[in-house]
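Let's take a friendly look at how side chains pack inside a protein. Below you will find the sequence and the structure to explore.

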Amino acid sequence: MSTVPEPLPLRHALTAPTSPASVRLARETAEMTFAHWGIDATHPTMGPALLILSELVTNSVRHAAVASPSLTVTFAAGEYTLAFAVHDRHPYHPGVVPADTGGLAVVAEVLAEHGGTCALRRDADGGGKSVWITLPL
């Protein structure tokens with residue numbers, strides 16, 4: 001097994017207000033984008049991916065809206081990997097996904113069950129962060 005990350009040539013980005021309606025918008029955009037790439041709603045990875053996406057967008061809405069009027073979701077895929085990132089401009093950076101804090105506990109549990117990964121990346125200026133999720137297809 002190679003340790004080199006798979007290229008993810010398929011990309012799509014959504015920028016939306018940091019508001020509750022964006023949770024549904026992000027899910028709908030994910031479903032349409034991944035279906036366009038041949039990963040339909042019946043694929044076993046889609047349920048876990050949509051659950052995690054909903055939790056991360058909800059986190060941005062609940063905790064980052066005061067400092068980040070918008071959020072960006074980046075969708076990506078390769079032959080064996082589905083990925084997405086939720087970015088906001090709130091400076092808080094948790095470091096790692098803690099397994100005991102609300103929605104992030106759900107994210108950690110689903111990732112562990114499905115062999116996924118999570119990476120938190122701070123913006124270069126320290127004023128925001130992205131949470132990148134990868135799940136095997």
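Phe 75 counts as buried (under 20% relative accessible area, with exposed over 50% and partly exposed in between, using a 1.4 Å probe and protein chains only), because its relative accessibility is 0%. This is a predicted model, where local features need pLDDT of at least 70, side-chain atom pairs count only at pLDDT 80 or more, and totals for chains, interfaces and linings use all residues. Residues are numbered from 1 along each chain as its sequence is written, and side-chain values use heavy atoms, leaving out hydrogens and water.

**Aromatic rings**
- The rings of Phe 34 and Phe 75 form an edge-to-face pair, because their centres are 5.7 Å apart and their planes stand at 90 degrees.
- For rings of Phe, Tyr and Trp (its six-membered ring), pairing requires centres within 6.5 Å; planes under 30 degrees apart are stacked, over 60 edge-to-face and the rest tilted.
- Phe 34 is buried too, at a relative accessible area of 1%.
- Ring pairs join Phe 34, Trp 37 and Phe 75 into a cluster.

**The largest core**
- Phe 75 is among the residues with the most contacts inside the largest nonpolar core, which has 30 residues.
- Such a core is a set of buried Ala, Val, Leu, Ile, Met, Phe, Trp, Tyr and Cys residues joined through side-chain atoms within 4.5 Å.

**Around Phe 84**
- Leaving aside neighbours within four places in sequence, Phe 84 is in contact (heavy atoms within 4.5 Å) with residues including Ile 52, Phe 75 and Trp 132.
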